[in-house]
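Please work through each task before reading its solution.

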Amino acid sequence: MKNELVDSDPGSQHPEFLRSQISRYNYESLDGPDKIRTLKLHATKERIECSLQQISFSEGGYEALSYVWGSSDQLFNAYILDEDGNELGYIPLTANLQTALCDLRDAEEVTTNVFWIDQICIKQDGEEKNHQVALMGDIYRNAARVITYLGPAVADENEEKCGIALLQLLQRHFSDNDALIYEAGDLQDEADFDKEKYVVQGWRWLLQVAYSQWARRLWIVQEQLLNQKLVMLHGSSLLSWDAVASIPLLFAVQLLPKQYLDRFWQEHLQSSCLQVLRIEDSVYALWHARQMMKKMGRAQVGRGLLQNMAMHQTLECWDPRDRIFALLAISSDISELGIVPDYCANTSRVFVEASVCMLLASPDLVPLEYACRWANELALPSVTPSWALGPAHPPIPYSTAFEVCTPHPRTSIRGGPPRFLLNFSILVLKGRFLDRISMSSSVMFCSQSSFLVVVDESYIQDDSQILMNWHAVLSHLGITVENAARLCRAIAGMPTWSPTQQEGHSIDETYAFYFWSYFRYFANGVREHGPQHGLDVSSTLEQCDSLIQELAAQLSGLIDLDSFHPGSPPSPEEQRAAIELGDHAVMHGRSFCATKDGRVCNAMHKPENGDLITAFEGSERLFILRPAGARYRLIGEVYVDGLMKGEAYEGVDPDEVDYDIELV
């Protein structure tokens, strides 16, 4: 049966009534730096009762609970008893933890009653929390087992049983493929939807469990990686961690029916589907790390803090400071960085200090790119330095290719780490200004419909915006083969990619043909679907068709002008070109720009006229800077066609042309 939050008379056991009869529990101070509290969960059904004891984390003997806090409202109570059963006080609980404790108490397969649970075992105010959070890596490593709570059982007992049976069946069937999925290193048609099978066979239950909040919670990462023994609790039933975690992977590689996942998105996750698209990657990272743990026989800490922050940037946490603190225990460079949890410091200070530590320890300027990517005026005050990291907050713009560009000949910093001025408020870097923005299109943030390929009004509006952005750039620079080729390369944002050169035609003509084909692909989509959804797209198509015809006339050797008109179906060659460029296109959170010297850019965020394109020693990227008095603010990274292979430094010594640039 599904547990109720309160198992007895709601009047006498109501939390507010009980709080009026007993005082809040007063925590005893911990006896030493290695001490933690564990709780002994009593079997009483009427309310949650437990006793607390102090141990050294190295003693072990407890199981750690990993769960989602949910709402911060603490409407329920755990009652703390002494060894003789006398009440010492209450500790307020969130609803999620109350439910978890009821299920944990009633789970027949859980044979211990000694647990470590952060909400109860850590005093949540004062200095103790900082120290205990810093110990959480050791706490999870030394636990006898980690139990991940997935939520209460569903109301329909038969659906619960069918779901568990389906999970166990899939685990038995696919477990032999674990080695192949592990070796893949990352994750990369459908039948008619059958609603009856979706429910009766347990698919809905399976998706609710596998894609529930546990898979979207940032704290889950270290909790799942620091202990080899790991199970999951759904209702009062224990489930295999590997079985549950494998479900998103099997859907990702399309070994399970995709139509069920699509229906689940539509029913439950439409409001956050952009984050859901990353769940498979995040779960795979956890699963892959645990597979490595099995091979090595111990937990592996291989990524640095910044890498971990990037890997799990879409996961959720209530406190933005936990984007750093929740990953310390699994980061390989934490001793070098010297970062410790400090919940007394505000969010801005935590991120600025972490940014300084990373920049001082890093041989390059990779942290700057993430500072641009995670820049969010709502998350941090405007006085925060533009070069500092901030909490990742959707929508997060895409980045162009890295580790393949050399705009500056020195991709690592020479002569020691960068300098800071005025109490670490100003970052001083070596570099130079290469060009200046002369026009910029609007920023393109793709809608949920575009990500899910649902052709609706939002989808068509996205396509129309893309077309008008590109039209604006070419109208500003001139509609020529050379400029279309530049725009094509900027769309791809990868200097190592190039299309197969058409025989008898220049490479610029080939690039221009790829752009023209891709442009026509979007225009034909708007032409076909706009009127179907009641949208007036005549003005957009009029401007696009003019560009299509003008560029087609310059590509007459590649296009059969006798049979061509702007709305005609694409040829097989056009289809291949559009698909290939589309596979490389980087547009989400980006704008397309032209420069004073006639270059084409693909920029993060939206530059303004007069913003400066800048190369820095120690970076494989170019950046947009905005003047702020005698100093500059960092706006975003930028891909500039014609500057990504070190062209600006050909024949010159960086020591002779670079100068100090101060960022605020």
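**Exercise 1.** Is Tyr398 buried, partly exposed or exposed?

*Solution.* The model is predicted: local features need pLDDT of at least 70, side-chain atom pairs count only at pLDDT 80 or more, and totals for chains, interfaces and linings use all residues. Residues are numbered from 1 along each chain as its sequence is written, and side-chain values use heavy atoms, with hydrogens and water left out. Buried means under 20% relative accessible area, exposed over 50%, and partly exposed in between (1.4 Å probe, protein chains only). Tyr398 has 34% relative accessibility and therefore counts as partly exposed.

**Exercise 2.** State which residues Tyr398 contacts, leaving aside neighbours within four places in sequence.

*Solution.* Contact means heavy atoms within 4.5 Å. On that basis, the partners of Tyr398 are Arg373, Phe451, Val586, His588, Arg590, Met604 and Glu637.

**Exercise 3.** Determine the strand order of the open sheet of 9 strands and explain which strands stand at its edges.

*Solution.* Strands (E, at least two residues) are DSSP runs, numbered from the N terminus; two strands pair if DSSP finds at least two bridges between them. The order is β5-β4-β2-β1-β6-β3-β7-β8-β9, with mixed pairing. Because β5 (87-93) and β9 (237-240) each have a single partner strand, one side of each is left without a neighbour in the sheet.

**Exercise 4.** In which sense do β2 and β4 pair?

*Solution.* Strands β2 (residues 48-56) and β4 (residues 76-81) pair in the parallel sense, over 3 bridges. Glu49 stands opposite Tyr79 in β4.

Conventions: Helix = DSSP H or I, 4+ residues; strand = E, 2+ residues; numbered from the N terminus.
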